[in-house]
Amino acid sequence: MCTGACSKFIAIPLYILALVSIICNIMLFFPDFDTTYAAEDRKGEDRITEEVKYMSGLIGGGIMVLIPAIHIHLTSAKNCCANRCGMFLSIGFAAAGVVGAIYSLSVAALGLANGPTCLYKDPDTLNQKWGTPFANTNGSYLSDKELWSWCILPQNVVEFNVGLFSTLLVAACFELALCLIQMVNGLFGCICGTCGGKE
């Protein structure tokens with residue numbers, strides 16, 4: 001396969017994965033599909049999971065992957081960046097995508113390990129309070145669904161966060177793999193050409 005064609009094969013999934021990451025990050029701001037918690041969080045009350053505010057899906061897995069995807073796609077287009085210089089530049093863009101994917105992956109893993117922010121009953125005082133009840137469980141709550149009932153509000157917040165952070169984690173893993181492949185592909189394209197006729 002030509003390096004230019006390989007770039008196109010890599011860019012298209014990167015577009016999709018970047019879009020998925022952006023959507024997941026935005027949705028995480030609205031647990032239970034309710035805007036109330038985001039509005040209360042803006043007033044200084046902790047209602048949104050801390051890792052969501054890092055915006056790793058929007059910035060890391062989204063924008064930092066979307067920009068390289070555009071350039072990588074251009075290296076497969078005729079009479080554009082489909083030359084040795086374009087392939088050389090794609091290595092740098094893909095490296096930026098790697099950094100973004102690692103950031104998204106790290107924050108998603110942290111979000112899964114710490115669990116969501118929710119209203120729960122404090123076992124010591126038996127009072128209801130907002131916080132992160134699973135923060136000290138090292139992610140063991142993930143395999144014990146009975147613990148998920150600790151969170152009272154937002155409803156189904158554990159399932160919501162686990163589903164979306166897991167999606168971000170998987171998307172970031174694929175983005176990381178594709179960007180690393182493009183770095184190798186870009187190196188070959190820089191050395192051997194793109195088979196596109198314009199070198």
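Helices here are DSSP runs of H or I with at least four residues, strands are DSSP runs of E with at least two, and both are numbered from the N terminus. The model is a predicted one, so local features need a pLDDT of at least 70 and side-chain atom pairs count only at pLDDT 80 or more, while totals for chains, interfaces and linings use all residues. Residues are numbered from 1 along each chain as its sequence is written, and side-chain values use heavy atoms, with hydrogens and water left out.

Take the whole chain to begin with. Of its 199 residues, 44% count as buried; the word means under 20% relative accessible area, with exposed meaning over 50% and partly exposed in between (1.4 Å probe, protein chains only).

Next come the helix pairs. Two packed helices are described by the angle between their axes and the distance between the axes. The axes are lines fitted to C-alpha atoms, for helices over the stretch in contact, and the angles run from 0 to 180 degrees between N-to-C directions. Helix H4 (residues 56-74) and helix H5 (residues 84-114) have axes that come within 8 Å and cross at roughly 165 degrees. That angle is why H4 and H5 are called roughly antiparallel to each other; the label applies over 145 degrees, whereas under 35 counts as roughly parallel, 65 to 115 as roughly perpendicular and the rest as oblique. The crossing of H4 past H5 is left-handed, which means that the near helix is turned anticlockwise from the far one by less than a right angle, clockwise being right-handed. Sorted by class, the residues of the H4 contact with H5 are 13 nonpolar, 10 polar and no charged. In this sorting, Ala, Val, Leu, Ile, Met, Phe, Trp, Tyr, Cys and Pro are nonpolar, Asp, Glu, Lys and Arg are charged, and the others, Gly among them, are polar.

H5 also packs against helix H6 (residues 157-192), at an angle of about 160 degrees and with the axes 7 Å apart. H5 and H6 are therefore roughly antiparallel to each other, and H5 passes H6 in a left-handed crossing. Their contact has 27 nonpolar, 9 polar and 2 charged residues.

What does Gln-182 touch, leaving aside its neighbours within four places in sequence? This residue of helix H6 is in contact with Ser-7, Ile-10, Ile-72, Met-87, Ser-90 and Ala-94. Gln-182 counts as buried because its relative accessible area is 0%. Asn-25, over in helix H1 (residues 3-28), is buried as well, with 3% relative accessibility. Again leaving aside neighbours within four places in sequence, Asn-25 is in contact with Val-52, Met-55, Ser-56, Gly-57 and Leu-58.

Is each of them buried or exposed? Asp-32 is partly exposed, at 32% relative accessible area, while Phe-33 is exposed, at 65%. Asp-34 sits in the loop between H1 and H2 too and is partly exposed, with a relative accessible area of 25%.

Asp-34 leads on to Pro-154. The two are 120 residues apart in sequence, yet 8.5 Å apart in space, C-alpha to C-alpha. Pro-154 is found in the loop between strand S3 (151-153) and H6, and a cis peptide bond with an omega of about -15 degrees joins Leu-153 to Pro-154. Thr-36, which lies in helix H2 (residues 36-42), is 118 residues from Pro-154 along the chain, with 9.9 Å between their C-alpha atoms. Thr-36 counts as partly exposed, at 36% relative accessibility.

Technical notes
Contact = heavy atoms within 4.5 Å.
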